[in-house]
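Biologist: Before I rely on any label in this model, I would like to hear what stands behind each one. Could you take me through them?

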Amino acid sequence: MDQRFVVDTMLGRLARWLRAMGYDTLYPGETGDRRLLDLALAEERVLVTRDRMLARLAQPRECLITEERLDEQIREAVRRLGLRPREADWLTRCLECNARLEPRARDTLRGLVPEHVFATHAEFMACPRCARIFWAGTHAHRMLDRLARLVNGETGG
Ligand SMILES: [Zn+2]
């Protein structure tokens, strides 16, 4: 079974990238250590944090992040957690609220997405929780390229 995560307050951007890789990732935002530990315990989630003390309390389900830059943090998380992100899972989860995206029929979206996007894309996904609509546009391609570079073991960047 895939690992699931709960991410500490100061690692919000890393949380989004774990979601981008398809991992079930809670990010409660501003909250206390107690709640983070409770979530980790109750839902068998690995606690991802920069706080050594908190990481110690969460053992053995903890991932201590020591890197400062986002790219390095993503690599560090993948390495420490022994993740093997599958490309088929990338961009299958809402970056904002963690729900799994669902396919949405194109003809239901006229007027809901920009006209040029509607005209040039055949496939759309929607978040069942926050109703955001996603498509494979420039931003998505940039994220996929960045993930490929980060998790496929290349050292550049
Ligand atoms: Zn959402």
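Modeller: Domain bounds come from an automatic or database domain assignment, and on that basis the protein is divided into domain 1 (5-89) and domain 2 (102-151). The centres of domain 1 and domain 2, taken over C-alpha atoms, are separated by 26 Å. The model is predicted, so that local features need pLDDT of at least 70 and side-chain atom pairs count only at pLDDT 80 or more, while totals for chains, interfaces and linings use all residues. Residues are numbered from 1 along each chain as its sequence is written.

Biologist: How many residues does the contact take from domain 1 and from domain 2?

Modeller: Residues are in contact if their C-beta atoms, placed from the backbone, lie within 7 Å, and the contact takes seven residues from domain 1 and four residues from domain 2. Helix 4 (residues 70-81) gives four residues, the largest share of the side of domain 1 that touches domain 2; helices are DSSP runs of H or I with at least four residues, strands are E runs of at least two, and both are numbered from the N terminus.

Biologist: Why are strand 5 (102-104) and strand 7 (133-135) called edge strands?

Modeller: Two strands pair if DSSP finds at least two bridges between them. The open sheet has three strands in the order 5-6-7, with antiparallel pairing, and strand 5 and strand 7 are edge strands because each pairs on one side only.

Biologist: What makes strand 6 (residues 124-126) and strand 7 a pair?

Modeller: Three bridges join strand 6 to strand 7, and the definition asks for at least two, so they pair. Phe 124 stands opposite Trp 135 in strand 7.

Key:
Two residues are in contact if their C-beta atoms, placed from the backbone, lie within 7 Å.
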